[in-house]
Amino acid sequence: MPNWGEKVLAAGGAPVTVPRDPARDAVRDELLKADYHRHDPSLQERIYDWFMDRIDDALDAIAGDGTTGTTALVLFLVVAVLFGGALWWRLGAPRRAARTTLDVFGSAGPRSAAQYRADAERHAAAGQWTEAVREQMRAIVRALEERALLDTRPGRTADEAATEAGRVLPAHAAGLTTAARTFDDIAFGERTADQGAYQLLRELDQALERARPALAAAPGGAA
């Protein structure tokens with residue numbers, strides 16, 4: 001027995017019988033068009049909603065009567081894991097505080113030692129000790145480069161500069177190491193700068209200006 005489907009009217013008003021399967025396919029194709037789904041939630045939104053529903057379910061279970069201490073603890077851990085997963089998905093993996101570069105001069109590149117010293121003094125006068133320490137250390141390294149006691153090399157860290165300069169100026173090796181560690185702790189760590197830290201680097205800078213490099217021993221010379 002043939003399956004005739006449903007009757008519809010043609011443009012002139014005459015009844016037309018449309019087979020059922022093609023009619024269903026036509027409706028399905030029509031409903032799949034993007035115009036009907038532009039306001040549908042995205043896949044990420046649906047996943048997030050699912051996470052939040054699971055969290056709500058766990059909270060409702062914890063708040064319910066007759067929950068034992070062990071069960072409540074397990075449910076709480078489930079909530080914590082789900083909540084952490086939701087945050088991870090929404091915000092991404094946690095990142096450490098900004099430490100974009102360890103280069104002593106930063107991303108802007110080196111300027112003159114005189115400019116760094118002027119900036120350090122200006123920050124110190126304003127009581128901005130972190131900035132003063134940062135600029136004073138840069139003045140030290142840049143002055144050593146300007147005197148050719150250090151080669152000019154991009155990407156050098158404060159520790160590297162201190163180690164290399166300490167070989168040329170061994171009498172100030174310990175002071176350079178302390179200055180580099182102070183710079184790292186303040187510029188990249190969580191240590192708070194103070195006037196004493198700035199003064200330490202400033203006095204070292206002045207001492208290095210008067211210092212003369214150690215002469216290397218001649219080959220074959222006496223030990």
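**Burial, contacts and helix packing**

Colleague: What relative accessibility does Ala-148 have, and does Ala-148 count as buried or exposed?

Modeller: The value comes from a predicted model, in which local features need pLDDT of at least 70 and side-chain atom pairs count only at pLDDT 80 or more, while totals for chains, interfaces and linings use all residues. Residues are numbered from 1 along each chain as its sequence is written, and side-chain values use heavy atoms, with hydrogens and water left out. Buried means under 20% relative accessible area, exposed over 50%, and partly exposed in between, with a 1.4 Å probe and protein chains only. Ala-148 has a relative accessibility of 63% and therefore counts as exposed.

Colleague: What is the phi value of Ala-148?

Modeller: Ala-148 is placed in the loop between H5 and H6. Most residues other than glycine have a negative phi. Ala-148 is a residue other than glycine with a positive phi, near 65°.

Colleague: What percentage of the residues of the protein chain count as buried?

Modeller: The protein chain exposes about 15200 Å², by the Shrake-Rupley method with a 1.4 Å probe, where for residues only the protein chains shown count as cover. Carbon and sulfur atoms supply 57% of that area. Of the 223 residues, the share that counts as buried is 27%.

Colleague: What share of the contacts in the protein chain with a separation of 6 or more comes from residues 24 or more positions apart?

Modeller: Contact means heavy atoms within 4.5 Å. Among contacts with a separation of 6 or more, residues 24 or more positions apart account for 54%.

Colleague: Which residue's side chain is joined to that of Gln-136 by a polar contact?

Modeller: Gln-136 is placed in helix H5, residues 129-146, and is buried because its relative accessible area is 3%. Leaving out residues up to four places away in sequence, Gln-136 touches Ala-120, Tyr-198, Leu-201, Arg-202 and Asp-205. A polar contact is a pair of N or O atoms within 3.5 Å; within protein, one must be able to donate a hydrogen and the other to accept it, and residues adjacent in sequence count only if both atoms are side-chain atoms. At 2.9 Å, the side chain in polar contact with that of Gln-136 belongs to Asp-205.

Colleague: How far apart in space are Glu-131 and Ala-120, C-alpha to C-alpha?

Modeller: Glu-131 is also placed in helix H5, and its 30% relative accessibility is why it counts as partly exposed. Glu-131 and Ala-120 are 11 residues apart in sequence, and their C-alpha separation in space is 7.0 Å.

Colleague: What is the relative accessibility of Arg-156?

Modeller: Arg-156 is found in the loop between H5 and helix H6 (158-168). Its side chain makes polar contacts with those of Glu-145 at 2.9 Å and Asp-151 at 2.7 Å. Residues that Arg-156 touches include Leu-102, Asp-103, Val-104 and Glu-164. Arg-156 counts as buried because its relative accessibility is 2%.

Colleague: What is the relative accessible area of Asp-151?

Modeller: Asp-151 is found in the loop between H5 and H6. Not counting residues up to four places away in sequence, Asp-151 touches Glu-145, Arg-156 and Glu-164. Asp-151 is partly exposed, so classed because its relative accessible area is 42%.

Colleague: What distance separates the C-alpha atoms of Gly-106 and Arg-156?

Modeller: Gly-106 lies in the loop between helix H3 (69-91) and helix H4 (113-125), and is buried with a relative accessible area of 14%. Gly-106 and Arg-156 are 50 residues apart along the chain, and their C-alpha atoms are separated by 9.8 Å.

Colleague: Is H6 roughly parallel or antiparallel to H7?

Modeller: Axes are lines fitted to C-alpha atoms, for helices over the stretch in contact, with angles from 0 to 180 degrees between N-to-C directions. Angles under 35 degrees count as roughly parallel, over 145 as roughly antiparallel, 65 to 115 as roughly perpendicular and the rest as oblique. The axes of H6 and helix H7 (residues 173-187) come within 8 Å and cross at roughly 175°. H6 is therefore, relative to H7, roughly antiparallel.

Colleague: Which helices are included in what covers the buried residues of H6?

Modeller: In H6, the buried residues are Ala-158, Ala-161, Ala-162, Glu-164, Ala-165 and Gly-166. What covers these buried residues includes H5 and H7.

Key:
Helices (H or I, at least four residues) and strands (E, at least two) are DSSP runs, numbered from the N terminus.
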